[in-house]
Amino acid sequence: MNEDYEKLKSNLISIASELFRFQRVFTKAISKLDMEEQSKYSSQYAWFSKKVAKALDGAGLRVVSVDGQQYDPGMAITPLNLDDFETDDILYVEHTMEPIIMEGDAVIKTGTALLRRKDR
């Protein structure tokens, strides 16, 4: 039974990560539509997202994005471009590419992100 639960949890984590990535593509695609069509498809996407969030919540999981937050080496993300900066640069998370997945207060899956330097 525990093995089945872990497999289901792993599948939910995979769905949540893919939904997170798909959201950006979907948002970009519908921005090319007229306002009426944008509204229609945005509403459908919002409904779908709520259903996925409810399923995650039922399993005790949640998706965390750290976009816009000041970068801290203790964050549960792998920065893909950290080597592009100096050690004394103040960095922010510009774009979360894969979200952090949490179960309660525990990190189940670390995310990946691109950083940017704070303008001085």
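Student: Hey, what covers the buried residues of H1?
Tutor: Quite a few elements do. In this predicted model, the cover includes helix H2 (35-58), along with strands E1 (61-64), E3 (91-98), E4 (100-103) and E5 (106-109).

Student: And which residues of H1 are buried?
Tutor: They are Lys9, Ile13, Ala16, Ser17, Leu19, Phe20, Phe26 and Ile30.

Student: OK, how many residues does H1 have, and how far does it reach?
Tutor: H1 covers residues 2-30, which is 29 residues. From its first C-alpha to its last it reaches 41 Å, close to the 42 Å expected at 1.5 Å a residue.

Student: Where is the kink in H1 centred?
Tutor: On Phe22, and the kink is about 25°.

Student: What about the rings of Phe22 and Tyr45?
Tutor: Phe22 is partly exposed, as I said. Its ring and that of Tyr45 have their centres 6.4 Å apart, with the planes at 45°, so that pair is tilted as well. Phe22 lies in helix H1 and Tyr45 in helix H2, so the pair ties together parts that are 23 residues apart in sequence.

Student: Is Tyr45 buried or exposed?
Tutor: Tyr45 counts as buried, at 12% relative accessibility. Phe22, Phe26 and Tyr45 form one aromatic cluster.

Student: Switching to strands. In what order do the strands E2, E6 and E3 come in their open sheet?
Tutor: The order is E2-E6-E3, and the pairing is mixed. Strand E2 (77-79) and E3 are at the edges with a single partner strand each, so one side of each has no neighbour in the sheet. From one strand to the next, the twist averages 40°.

Student: How many bridges join E2 to E6?
Tutor: There are 3, and E2 and strand E6 (residues 111-117) run parallel.

Student: Which strands make up the open sheet with antiparallel pairing?
Tutor: That sheet has 3 strands in the order E1-E4-E5. Here E1 and E5 are the edge strands, each with a single partner, so each has one side left without a neighbour in the sheet. Ignoring direction, neighbouring strands of this sheet are turned by 40° against each other on average.

Student: How do E4 and E5 run, parallel or antiparallel?
Tutor: Antiparallel, with 3 bridges joining E4 to E5. For an example, the bridge partner of Met102 in E5 is Val107.

Student: I keep landing on Ser65. Where does it lie?
Tutor: Ser65 lies in the loop between E1 and E2. Ser65 is partly exposed, at 31% relative accessible area.

Student: What is Ser65 in contact with, leaving aside neighbours within four places in sequence?
Tutor: Phe20 and Thr96. Phe20 is one of the buried residues of H1. As for Ile15, it is 50 residues from Ser65 in sequence, and the two are 15 Å apart in space, C-alpha to C-alpha.

Student: Now zoom out. How many helices and strands does the protein have?
Tutor: It has 2 helices and 6 strands, running α-α-β-β-β-β-β-β from the N terminus on.

Student: And what does the C-alpha trace span along its principal axes?
Tutor: About 50 × 45 × 15 Å. Of the 120 residues in the protein, 31% are buried.

Student: Last one: what share of contacts between residues at least 6 apart in sequence join residues at least 24 apart?
Tutor: That share is 63%.

Definitions and conventions
Residues are numbered from 1 along each chain as its sequence is written. This is a predicted model: local features need pLDDT of at least 70, side-chain atom pairs count only at pLDDT 80 or more; totals for chains, interfaces and linings use all residues. Side-chain values use heavy atoms; hydrogens and water are left out. Helices (H or I, at least four residues) and strands (E, at least two) are DSSP runs, numbered from the N terminus. The expected span of a helix is 1.5 Å times one less than its number of residues. The bend at a residue is the angle between axes fitted to the seven residues ending there and the seven starting there. Buried means under 20% relative accessible area, exposed over 50%, partly exposed in between (1.4 Å probe, protein chains only). Contact means heavy atoms within 4.5 Å. Rings of Phe, Tyr and Trp (its six-membered ring) pair if their centres lie within 6.5 Å; planes under 30 degrees apart count as stacked, over 60 as edge-to-face and the rest as tilted. Two strands pair if DSSP finds at least two bridges between them. Axes are lines fitted to C-alpha atoms, for helices over the stretch in contact, and angles run from 0 to 180 degrees between N-to-C directions.
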